[in-house]
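Please walk through the helix packing and the charged pairs of the structure below.

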Amino acid sequence: MVDMQDCIQSISMDRQLSSIPQYSVTEAAKKLGISPHTLRYYDDQGLFPFLQRDVAQKRMFSEADLQWAKLMECLKKSGLSIRDMRYYVKLCEEGNETIPDRLKLLEPQKEKLLKQIEEEKRQLKLLQFKIDYYEKIQAQTEQEKGDLII
């Protein structure tokens, strides 16, 4: 499973990643912890612009492709639509002059996620209140059973 730490590490790596294709879709999926179907779907949607194919036209992933796949999975998990992810890929292909456009794409998604997190915190607080309430009633009921004289 790709998590946020994977995303951060993939973005902040100082070393040059190999672009030599060495992993099949199944092997790449296994390394990433996502389904082969997801990788094929992302490729069909144009999210892997540099993905190479072998002589049989099967997709082959390099280390650089794996890191890119992690980024795509993180963008998807953040709630970005496939359409917006395609736009992000296009901007990346165009170079650093598109960084302001990338920020315009990502910043609203960040705000949306922050609102979602706040709402989930409120829901969690309510659930914890109910759990505490029911545990208190359960403890009282068990104590009352123990106090009964038969």
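Predicted model: local features only at pLDDT ≥ 70, side-chain atom pairs only at ≥ 80, totals over all residues.

Residues are numbered from 1 along each chain as its sequence is written, and side-chain values use heavy atoms, with hydrogens and water left out.

Helix α4 covers residues 63-77 and helix α5 residues 82-94; helices (H or I, at least four residues) and strands (E, at least two) are DSSP runs, numbered from the N terminus. The axes of α4 and α5 come within 10 Å and cross at roughly 140°. An axis here is a line fitted to C-alpha atoms, for helices over the stretch in contact, and an angle runs from 0 to 180 degrees between N-to-C directions. Trp68, Leu71, Met72, Leu75 and Lys76 of α4 make the contact with Ile82, Met85, Tyr88, Val89 and Cys92 of α5, where contact means heavy atoms within 4.5 Å. By class, the contact of α4 with α5 has nine nonpolar residues, no polar ones and one charged. In this scheme Ala, Val, Leu, Ile, Met, Phe, Trp, Tyr, Cys and Pro count as nonpolar, Asp, Glu, Lys and Arg as charged, and the others, Gly among them, as polar.

Helix α4 also packs against α3, at an angle of about 90° and with the axes 12 Å apart. The two helices α3 and α4 are therefore roughly perpendicular to each other. On the α3 side, Thr38, Leu39 and Tyr42 meet Ala69, Met72, Glu73 and Lys76 in α4. This contact of α3 with α4 divides into four nonpolar, one polar and two charged residues.

Next comes the packing of α3 against α2. Helix α2 (residues 25-32) and helix α3 (residues 36-44) pack at an angle of about 110°, with their axes 8 Å apart. That angle makes α2 roughly perpendicular to α3. The crossing of α2 and α3 is right-handed. The residues in contact are Val25, Thr26, Ala28, Ala29 and Leu32 of α2, and Pro36, Leu39 and Arg40 of α3. The contact of α2 with α3 holds six nonpolar residues, one polar and one charged.

Turn now to the charged pairs. Side chains of opposite charge can pair when their charged atoms come close. The structure holds seven salt bridges, each a side-chain nitrogen of Lys or Arg within 4 Å of a carboxyl oxygen of Asp or Glu. One of these joins Asp43 to Arg59, with the closest N and O atoms 2.6 Å apart. Asp43 lies in helix α3 and Arg59 in strand β2 (residues 59-60), so the pair ties together parts that are 16 residues apart in sequence. Asp44 also forms a salt bridge with Arg59, the closest N and O atoms being 2.7 Å apart. Here too the pair links distant parts of the chain, Asp44 in helix α3 and Arg59 in strand β2, 15 residues apart. Asp43, Asp44, Arg53 and Arg59 are linked in a network of salt bridges.

Asp43 is buried, with a relative accessible area of 14%; buried means under 20% relative accessible area, exposed over 50%, and partly exposed in between (1.4 Å probe, protein chains only). Arg59 is buried, with a relative accessible area of 14%, while Asp44 counts as exposed at 56% relative accessibility. Not counting residues up to four places away in sequence, Asp43 touches Phe48, Leu51, Arg53 and Arg59.

Gln57 is found in the loop between β1 (52-53) and β2. Most residues other than glycine have a negative phi. Phi of Gln57 is near 65°, a positive value in a residue other than glycine. Gln57 is exposed, with a relative accessible area of 53%.

Helix α6 remains. Within it, Arg122 forms a salt bridge with Glu119, the closest N and O atoms being 2.8 Å apart. Being three residues apart in helix α6 (residues 99-147), Arg122 and Glu119 are separated by about one helical turn. Glu119 is partly exposed, with a relative accessible area of 34%. Gln109 has its place in helix α6 and is buried, with a relative accessible area of 12%. Not counting residues up to four places away in sequence, Gln109 touches Ser78, Gly79 and Leu80.

Key: Parallel < 35°, antiparallel > 145°, perpendicular 65-115°, else oblique. Left-handed = near helix turned anticlockwise from the far one by under 90°.
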